[in-house]
Amino acid sequence: MGISIIKGELIQSSADAIVHIISHSPLSGGADSKLYQAAGPELYQACTTLGVCMTGEAKITSGYRLPAKYVIHTHAPIWLGGNHNEGKLIEACYRNCLTLAEKNGCTSIAFPPISTGSYRCPAGKAADIAIGVIEEFLKSSRCVKEVFIISSEDSICSAFSDSLEAHRKQTH
């Protein structure tokens, strides 16, 4: 129970919900993305009804053919140096996804490392934000008990593991 950092592929997670990072529309990944290929055309069709998702917001669909019951779509911010409210928007992504998971009876949720990679947030900064929000949420959650951060990149997994370790030392 709690937070786990896993090296792997998010779409293979058997968590109750997985998080899909988007830019403005849940369709922004395109019908050919790994997620839509794995979930099947029903996910793409469901996403056509969701409309625009503002930065920090989250919307939910079924997982269709994925191991996960749900896909939670969130619009992550691009890191512009940290002076454009990016940290608060990343926090909102995590909090809104966790809240949707809770409202839909999920006991587990798997996140990619929000706003890292092509979104340019330094992995350590992204990890500190994520771990802080998730730890705080888990304290009062009645349903969500397990949160996974999944990345295929060693350096990102290391940054999130380091942040989790540091956070645990501070709170104990």
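I worked from a predicted model, in which local features need pLDDT of at least 70, side-chain atom pairs count only at pLDDT 80 or more, and totals for chains, interfaces and linings use all residues. Residues are numbered from 1 along each chain as its sequence is written, and side-chain values use heavy atoms, with hydrogens and water left out.

**Fold.** I looked up the secondary structure and found five helices and six strands, taken as DSSP runs numbered from the N terminus (H or I, at least four residues, for helices; E, at least two, for strands). Along the sequence they follow the pattern β-β-α-α-β-β-α-β-α-β-α.

**Salt bridges.** I counted eight salt bridges, each being a side-chain nitrogen of Lys or Arg within 4 Å of a carboxyl oxygen of Asp or Glu. One of them pairs K34 with E9, with the closest N and O atoms 3.6 Å apart; K34 belongs to helix α1 and E9 to the loop between β1 and β2, 25 residues apart.

I then turned to E42 and R65, whose side chains meet at 3.1 Å, N to O. Because E42 lies in helix α2 and R65 in the loop between β3 and β4, this pair ties together parts that are 23 residues apart in sequence. For accessibility I used relative area (buried under 20%, exposed over 50%, partly exposed in between, 1.4 Å probe, protein chains only): E42 is partly exposed at 32%, and R65 is exposed at 56%.

Within helix α5 I noted E165 and K169, four residues apart, about one turn of the helix, and joined by a salt bridge of 3.9 Å, N to O.
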